[in-house]
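I opened this model to look up strand pairing, core packing and charged pairs. My entries follow.

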Amino acid sequence: MKKGLKIAIGADHAGFDYKQAILSMFGDDLSFHDFGTYSTESADYPDFAHPVALAVENGDVDFGILLCGSANGVAMTANKHQDIRAAICWKAELAIPARTHNNANVLCLPARHMSIEEAKKTIETFLSEEFEGGRHGRRVDKISC
């Protein structure tokens, strides 16, 4: 995993505990901009997904991480942004093609469907892989409307 990356992170109430664990488990290896939520009180995932996506889209951070119960809501929200490629990954093996083939720039984790250990491995894998370009670049270029 590359050290020193700037990461935007956000979660709704279902992902709050995992977000807090992620913030503490990477120490000084990563620089996080935490867009909330800040409690387990019911919250609306778009309120966190949009600011994370904007931070990535504007180049303020290198990547985004979003968490909710299934990861579907945050992924759908983030992918509304023109330059965002948000990928749902519930195990590390899925993070490899998300980065190498799809050039994903936002990782969406389903907190209710993976362990915190698997979340950590998935993040480490996502942040270690490089986009391969080539034929994959041609395909990625066709994603935006």
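**Strand pairing.** I started with Ile 7, which stands opposite Phe 32 in β2. The model is predicted, so I kept its limits in view: local features need pLDDT of at least 70, side-chain atom pairs count only at pLDDT 80 or more, and totals for chains, interfaces and linings use all residues. Residues are numbered from 1 along each chain as its sequence is written, and side-chain values use heavy atoms, with hydrogens and water left out.

I then looked at the two strands as a pair. Strand β1 covers residues 5–11 and strand β2 covers residues 30–34; they run parallel and are joined by five bridges. Pairing here requires at least two bridges found by DSSP between two strands. Helices (H or I, at least four residues) and strands (E, at least two) are DSSP runs, numbered from the N terminus.

**Core.** Which residues have the most contacts inside the largest nonpolar core? I found Leu 67, Leu 109, Ile 123 and Leu 127, in a core of 24 residues. At least two residues each come from β1, α1, β3 (63–68), α4 (92–100), β5 (106–110) and α5. β1 gives the largest share, four residues. A nonpolar core is a set of buried Ala, Val, Leu, Ile, Met, Phe, Trp, Tyr and Cys residues joined through side-chain atoms within 4.5 Å. Buried means under 20% relative accessible area, exposed over 50%, partly exposed in between (1.4 Å probe, protein chains only).

I also noted a second, separate core of 17 residues, including Val 56, Val 61, Cys 68 and Ala 75.

Back at Leu 67, I listed contacts (heavy atoms within 4.5 Å). Not counting residues up to four places away in sequence, Leu 67 touches, among others, Ile 9, Tyr 18, Lys 19, Ile 22, Val 74 and Leu 109.

**Thr 125.** Is Thr 125 buried or exposed? It is buried, at 17% relative accessibility. Thr 125 sits in helix α5, residues 116–126. Leaving out residues up to four places away in sequence, Thr 125 touches Ala 92, Ala 95 and Ile 96.

**Salt bridges.** How many salt bridges does the whole structure hold? My search found five. The criterion is a side-chain nitrogen of Lys or Arg within 4 Å of a carboxyl oxygen of Asp or Glu.

Asp 29 meets Lys 3 at 3.6 Å, N to O. Asp 29 lies in the loop between α1 and β2 and Lys 3 in the segment before β1, so this pair ties together parts 26 residues apart in sequence. Asp 29 is partly exposed at 27%; Lys 3 is exposed at 60%.

Lys 19 pairs with Asp 34, their closest N and O atoms 2.9 Å apart. Because Lys 19 is in helix α1 and Asp 34 in strand β2, the pair ties together parts 15 residues apart in sequence. Lys 19 is buried, at 0%, while Asp 34 is partly exposed, at 22%.

Lys 120 bridges to Glu 124 at 3.7 Å between the closest N and O atoms. The two are four residues apart in helix α5, so about one helical turn separates them.
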